[in-house]
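Welcome! Here is a short tour of a protein chain and of the charged side chains in it. Take a look at the structure, then read on.

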Amino acid sequence: MPDIVVNALTVFRVDNSNMQLSVTLVWDQACDLEMYAWQPDGAKLYYANMGILPSTGRLDALMNKLNSDGIAVENVAWETAPTGTYRIGVEAWQGCSSDVDYKLYVQIDGVTTTYDRTVAEGETNLNEVLSFSVGVDVVTTTEAAATTAA
């Protein structure tokens, strides 16, 4: 993960190095993006339910505008990730005046994978953009089609 992102997370006292699983949303355009994470048990972490949930997930960084470095971040993490399928959704809170490119950094057991995505101009639906499974011996990641999530 780039230093600028790590520095932005530090403001929230977030350190993902001890987390089994973390998902970080990063964007650099003036628009309020919201990240949603569904745990294997169906519980949804987002701005109105930040955790800590019994299954240990928590939304620990939440921004609605760019910081002084010109980026915004949101982060959800699990110290011990329950086995199963996780789903990630992104929503442009009140729509955006232009397309907004963003990155999702998914860190599982110390290995980070980056996914590049775009929210279309004027889009306001919550869209599931990624799903992945975490298991005892198997980690699989699949890219979800841009579908509206419930």
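**Charged pairs and the chain around them**

The side chains of R58 and D60 come together in a salt bridge, at 3.7 Å from N to O. R58 is partly exposed, at 23% relative accessibility, whereas D60 is buried, at 17%. Please keep in mind that this is a predicted model.

**Other salt bridges**

- The structure holds three salt bridges; side chains of opposite charge can pair when their charged atoms come close.
- R87 and E128 form one of them, at 2.8 Å from N to O.
- This pair links distant parts of the chain, with R87 in strand 6 and E128 in strand 9, 41 residues apart.
- R87 is partly exposed at 29% relative accessibility, while E128 is buried at 11%.
- D116 and K103 also meet in a salt bridge, at 2.4 Å from N to O.
- D116 sits in strand 8 and K103 in strand 7, so their pairing ties together parts 13 residues apart in sequence.
- D116 counts as exposed, with 51% relative accessibility, and K103 as partly exposed, with 32%.

- D99 lies in the loop between strand 6 and strand 7 and is partly exposed, with a relative accessible area of 43%.

**The whole chain**

- Of its 150 residues, 45% count as buried.
- The chain exposes about 7,400 Å², and carbon and sulfur atoms supply 48% of that area.

Conventions. Residues are numbered from 1 along each chain as its sequence is written. This is a predicted model: local features need pLDDT of at least 70, side-chain atom pairs count only at pLDDT 80 or more; totals for chains, interfaces and linings use all residues. Side-chain values use heavy atoms; hydrogens and water are left out. Buried means under 20% relative accessible area, exposed over 50%, partly exposed in between (1.4 Å probe, protein chains only). Accessible areas come from the Shrake-Rupley method with a 1.4 Å probe; for residues, only the protein chains shown count as cover. Helices (H or I, at least four residues) and strands (E, at least two) are DSSP runs, numbered from the N terminus. A salt bridge is a side-chain nitrogen of Lys or Arg within 4 Å of a carboxyl oxygen of Asp or Glu.
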